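Please read the sequence alongside the structure shown here. The account below goes through the chains and then the places where parts of the structure meet.

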Amino acid sequence: MKSEGGPKKQDGKQRRKRRRAHVMVAFIKLTLLEAVTEFLWSDGPESLLIPGGSDILVGPRPFTDKHILIDISQVTELKKVTVGAGGVLSVGVGLTHQEIVDHPVIRRRARLLQLACGRVGSIQIRNRGTLGGNLGNASPAGDSIPALACLDARVVVAGRSRRREFDLLSFFTGPGETALQVDEVIESVQIPEREGRSVAFFKKAGQRRGMCCSKASVALLARRRSPKSLSDVRVALGAVAPTVLRIPEVEQVLEGRRLTPAVIREAAEACSRAANPIDDIRSTADYRRQVVGALLTEGLFEIADHMQLLEQRRRSAKRRGRRR
Amino acid sequence: MKITVRLQINGAEARFEVDSTERLVDTLREKAGLTGTKVGCGIGECGACSVLLDGKVVSACLVLTAQVDGAKVATVEGLGKAGELSDLQGAFVREGAIQCGYCTPGMLMAAEAILARYRRPTTEQIRKGISGNLCRCTGYAKIVSAIRKTAGRRAIQRSGR
């Protein structure tokens, strides 16, 4: 492992020269984060990081300007889940979506992330694709991103002998573009602890439920303030703008108010207004604008039902208590 | 660039010289001669190429062979014995869960992943477990029922032991 950055790198360079004649792509497996950043430092512009590879093998393969594949699927440092000072949950981005869905600590502390990761692709994709790949691709349709935006996550990136941290949304600079520099690799996301009881949903519209890329998606996270209203509401939208958006207009509509049909309608309208979608192969701008409102409506009604149920249970428990 | 990769396919060790961009499904079909695993769409939409990689169901068209050196791969050829269907395959036949058969190998592997995860899967768990696999002939009701019956039979066998 010690020598990984060294001799193989030379190897890669020699092979790259040959590749220009023979259309060859070099491949190197690195298992230490430090080796990855060292390698990127010298060969970054020509290298392509492969965590799970599930996206790279779809569509036009970018092997014309990237002739070194760096396999980072075995970097164990990227698979750690820890709870640090102040209750901050650190999730290594090398985990696959399914590993996140099945993780008990993430379940307790960042359920919304699990809801979103559980809707990525199909089970076949979730077993292979990673959180880091979802973030690194920086697709506006990346399902983990709206969830992490609501969770106030920060992104930690590791470069050659340095680390940088970003607010999640400031990490994305455009469709497919991030603030990552050439020697950097995404290491973890940091999710602060939340107080009180949360409600959350992640909804997406796509071609089919079993396996699709989002035409539009909505994530919501809030605290149950009273039996009937929400506070500290966060709403983020995917695939309706060049990058994922937080929507303060909608958050303000919902803040502290009872979830009546009228309030929900008002929020949905604000949501559609805030969307700034485009026509593309997956959908049209018009449909996307409408469907984000519909997804929000569906999710809010479910939350309203859920809160009503909890309230009924609380009341009947109280009544039973009194009878005794 | 050629890379030497060792795989344990259906319990047997094998070595392959593969190109850095070679897909697992091509290694299986072209180099190992295991053509039971089908290529449907080649872009991870259809699930026809589903295999178990270290016990987890993946689309073999979206896996670089070079990345999975040392892994255990289970394909449809590993189900049952020579000339004998596995219990799951038998249930597919009895339930009429096969028509053209192109989705079947992938469907069987996705089903094995469900059965490994849940001892008595609910219909919902089965439907979710095969939701990444497309069938355009029989529909899914018979496939779901074949998987459910296999789960039941295996549960009885376990309790009998």
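The structure is a predicted model. Its scores are ipTM 0.95 and pTM 0.91. For chain B the mean pLDDT is 95, with 99% of residues at 70 or more. Where pLDDT is low, predicted coordinates should not be read in detail.

Chain A contains 12 helices and 14 strands. The radius of gyration of chain A is 22 Å, close to the 20 Å that the globule rule gives for 324 residues, so chain A is as compact as a globular protein of that length. Taken along the principal axes, its C-alpha atoms fill a box of roughly 80 × 45 × 30 Å. Of the 324 residues in chain A, 48% count as buried. When contacts in chain A between residues at least 6 apart in sequence are considered, 63% of them join residues at least 24 apart.

Chain B is built from five helices and five strands. Read from the N terminus, the order of its elements is β-β-α-β-β-β-α-α-α-α. With a radius of gyration of 16 Å, close to the 15 Å given by the globule rule for 161 residues, chain B is as compact as a globular protein of that length. The C-alpha trace of chain B spans about 50 × 35 × 30 Å along its principal axes. Buried residues make up 50% of the 161 in chain B. Among contacts in chain B between residues at least 6 apart in sequence, those joining residues at least 24 apart account for 58%.

The next point is how the chains meet. On the chain A side, 23 residues are in contact with 23 residues of chain B. Strand 1 (26-29), strand 3 (68-71) and helix 6 (123-126) of chain A are the elements that give two or more residues to the side touching chain B. Helix 6 of chain A provides the largest share of that side, with three residues.

From helix 2 of chain B, the residues in contact are B:D87, B:L88, B:A91, B:F92 and B:E95. They meet B:K142, B:S145, B:A146, B:K149, B:T150, B:R153 and B:R154 of helix 5 of chain B.

The crossing of helix 3 of chain B and helix 5 of chain B is right-handed. Helix 3 of chain B brings B:M107, B:A111, B:I114 and B:L115 to the contact, while helix 5 of chain B brings B:I143, B:I147, B:T150, B:A151 and B:R154.

Definitions and conventions
Residues are numbered from 1 along each chain as its sequence is written. Chains are lettered from A and ligands numbered from 1 in the order in which they are written. This is a predicted model: local features need pLDDT of at least 70, side-chain atom pairs count only at pLDDT 80 or more; totals for chains, interfaces and linings use all residues. Helices (H or I, at least four residues) and strands (E, at least two) are DSSP runs, numbered from the N terminus. The radius of gyration is taken over C-alpha atoms; the globule rule is 2.2 Å times the number of residues to the power 0.38. A residue is buried if 20 or more other C-beta atoms lie within 10 Å of its own, exposed if 12 or fewer, and partly exposed in between; C-beta atoms are placed from the backbone. Two residues are in contact if their C-beta atoms, placed from the backbone, lie within 7 Å. pLDDT is the predictor's confidence in each residue, from 0 to 100. A crossing is left-handed if the near helix is turned anticlockwise from the far one by less than a right angle, and right-handed if clockwise.
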